[in-house]
Amino acid sequence: MTMRFDAGEIITAMVTPMTEDRKIDFISLEKLVNHLIENGTDAILVAGTTGESPTLTHAEEVEIFKFVKEKAAGRCKLIMGAGSNCTITAIQATKNAEEAGADAILSVVPYYNKPSQKGLLEHFGAIAKSTDLPIVLYNIPGRTGITMNPETIAQLAENYKNIFAVKQSLPNMDIITETKKCCPEGFLIYSGDDSLTLPMMSVGAYGVISVASHIIGREMKSMINLFKSGRTSEATELHLKLYPLFKKIFMAPNPVPVKQCLAKMGLMKNFVRRPLVELDEDEKISLYGVLDNYIK
């Protein structure tokens, strides 16, 4: 299979560490970049939903990205979240990513204004024509209110060679199967949900854009390697072992629980920007009851 662009099998949708006054915590950000690269991450996604992009300014997104690029120092691929529900804004965000030195961008299905499939073709077509950067489409109906159909993804993949992958955040294996069937060879499907990584790979997904890889990146890499080397029962066994954490880190709106996990691990403090709120003491106890099975 000839891939158009290879960001690797585990792309971590990185959180944005913050100080108590909700400014960017660059000291913790450097620690986090090193932690991810040392623990199975092939590419880091900056300013995705997990990075709290809805409450970051565009200037902050660029500042964070440039800092991560400097600290990563070529050790992994770097992807920047550059989507918007306004096509003009998404094109500008893409240009910002290009100027900042991104290897690729993630571009989400427009949210709230609910475009038709034809509208999606025009939106992503305009973005693809505005840049030479590789593009990951991001299909997440739970946050956008609409589903991008497999046929729409296939048409975009056929028409624009820089659209190289899709992040599928929906628990529907038929849709994943249809996407695999109708998209051109070399076009990649990434699971957008940690718990669906192995199920999606069984019908042709390539890897995962992950939250859990902040904590269990090496284990997830092992699971993927086991599956791809034909040791599927061992991959299943590992999936079942990791599953409780996959689910627990979404006990509250992402990235609140994973930030709390990283705080417990000593990598950062757990502060999120409003309207998100930190976990209360009972929620922390519940989270740690699962987390402690995975960290030393």
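Reader: Is Glu-70 buried or exposed?
Author: This is a predicted model. The relative accessible area of Glu-70 is 55%. The cut-off for exposed is over 50%. Glu-70 is therefore exposed.

Reader: Which salt bridge does Glu-70 form, and at what N to O distance?
Author: The side chain of Glu-70 meets that of Lys-71. Lys-71 is partly exposed, with a relative accessible area of 22%. The N to O distance in the salt bridge of Glu-70 and Lys-71 is 3.5 Å.

Reader: Lys-71 also forms a salt bridge with Glu-30; how many residues apart are the two?
Author: In this pair the closest N and O atoms are 4.0 Å apart. Glu-30 is partly exposed, at a relative accessible area of 32%. Glu-30 belongs to helix H1 (residues 26-38) and Lys-71 to helix H2, so the pair links distant parts of the chain. Their separation is 41 residues.

Reader: Which residues do salt bridges with shared partners join into one network?
Author: The structure holds 14 salt bridges. Side chains of opposite charge can pair when their charged atoms come close. Here, bridges that share partners make one network of Glu-9, Asp-42, Lys-221 and Lys-228.

Reader: Now the strands. In what order do the eight close into a barrel?
Author: The pairing is parallel. From one strand to the next, the twist averages 25°. The barrel order is S1-S2-S3-S4-S5-S6-S7-S8.

Reader: Which residue in S2 stands opposite Ile-11?
Author: Strand S1 covers residues 10-13 and strand S2 residues 43-46. The two run parallel, joined by three bridges. Opposite Ile-11 stands Ala-43.

Reader: At what angle does helix H2 run to S3?
Author: Helix H2 (residues 58-72) lies across S2 and strand S3 (77-81). Another helix, H6 (residues 150-159), packs on the sheet and touches strand S5 (135-139) and strand S6 (163-168). The direction of H6 makes about 160° with that of S6. For H2 and S3, the angle is about 175°.

Reader: What should helix H3 span, and how far apart are its end C-alpha atoms?
Author: Helix H3 (residues 87-100) has 14 residues. The expected span uses 1.5 Å times one less than that number, so H3 should span 20 Å. The end C-alpha atoms agree, being 20 Å apart.

Reader: Within what arc do the buried residues of H3 fall?
Author: These residues are Ala-90, Ala-93, Thr-94, Asn-96, Ala-97 and Ala-100. Seen down the helix axis, they line one face of H3, because they fall within an arc of 160°.

Reader: Which exposed residues does the face of H3 turned away from its buried side carry?
Author: The buried residues of H3 pack against H2, S3, strand S4 (104-108) and helix H4 (117-129). The face turned away from that buried side carries Ile-88 and Glu-99.

Reader: Which residue follows H3, and what is its phi?
Author: Gly-101 comes after the helix. Its phi is positive, near 95°.

Methods. Residues numbered from 1 in each chain as written. Predicted model: local features only at pLDDT ≥ 70, side-chain atom pairs only at ≥ 80, totals over all residues. Heavy atoms only, no water. Pairing = 2+ DSSP bridges. Helix = DSSP H or I, 4+ residues; strand = E, 2+ residues; numbered from the N terminus. Axes fitted to C-alpha atoms, helices over the stretch in contact; angles between N-to-C directions. Contact = heavy atoms within 4.5 Å. Buried < 20%, exposed > 50% of the residue type's maximum accessible area, 1.4 Å probe, protein only. Arc of directions from axis to C-beta.
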